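Please consider the following briefing on helix packing and charged side-chain pairs.

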Amino acid sequence: MPEITLPIRTERLILRQFDAADLDAFHAYHSLPETARFLPGEAKSYTKCMESVGKYANFVFEKENDWVCLAIEAKGSPGLLGEVVLKWLPGRGQGEVGWTLAPAARGKGYGAEAADAVLKLGFEELGMHRIEAKLDALNTASAALCERLGMRLEARLVNKWHYKGQWATELGYAILEDEWRARSQ
């Protein structure tokens with residue numbers, strides 16, 4: 001795969017590599033139960049956030065199962081709004097996208113704008129063929145975001161995960177490179 005060129009700029013956002021200055025803002029929203037609700041694991045401690053930010057700041061994207069997590073920042077307004085992830089899945093040209101936003105950044109279209117930029121990265125720069133998103137069926141905001149991105153619902157896996165003391169149904173969304181190009185024109 002080619003190198004990832006950073007930062008990525010969109011109309012309103014800058015997607016960049018994490019750095020140590022992001023730690024407090026990252027912890028501020030990852031320590032909230034409402035943020036952790038649809039993520040694996042519980043709300044993160046400050047120490048866990050330090051580990052995550054360190055890993056994200058020093059990502060390697062060279063082979064299958066590697067992933068990049070980019071900080072989302074508004075143009076002209078420094079500060080962490082959230083993150084967007086692209087994982088290189090096993091199999092030729094396969095990827096997975098995901099996102100997490102701070103509460104103050106939700107509902108403003110930042111997630112869709114950042115995720116669309118990562119789809120562009122995956123399809124145009126990295127030559128991926130298919131990018132998917134997996135989410136809890138109760139996460140209606142992320143399901144709506146997938147649909148805004150032009151992703152199609154491919155699977156509904158009932159009671160697939162058991163986490164946080166209950167069974168969860170997984171929704172699988174995906175978009176192919178040619179579908180993304182047709183939508184982007």
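**Helix contacts and salt bridges**

Glu113 is situated in helix H4, residues 110-125 (helices, H or I of at least four residues, and strands, E of at least two, are DSSP runs numbered from the N terminus). The model is predicted, so local features need pLDDT of at least 70 and side-chain atom pairs pLDDT 80 or more, whereas totals for chains, interfaces and linings use all residues. Residues are numbered from 1 along each chain as its sequence is written, and side-chain values use heavy atoms, leaving out hydrogens and water.

Surroundings of Glu113
- Glu113 is buried at 16% relative accessibility (buried is under 20% relative accessible area, exposed over 50%, partly exposed in between, with a 1.4 Å probe and protein chains only).
- Residues up to four places away in sequence aside, Glu113 touches Thr10, Glu11, Arg12 and Leu13 (contact is heavy atoms within 4.5 Å).

Salt bridges
- The structure contains 16 salt bridges (a side-chain nitrogen of Lys or Arg within 4 Å of a carboxyl oxygen of Asp or Glu).
- Arg181 and Glu124 pair at 3.7 Å, N to O. Arg181 belongs to helix H6 (residues 177-184) and Glu124 to helix H4, so the bridge ties together parts 57 residues apart in sequence.
- Glu179 bridges to Arg152, with the closest N and O atoms 2.4 Å apart. This pair links distant parts of the chain, helix H6 and strand S7 (residues 152-163), 27 residues apart.
- Shared partners join Arg130, Glu132, Lys134, Arg152, Glu154 and Glu179 into one network of salt bridges.
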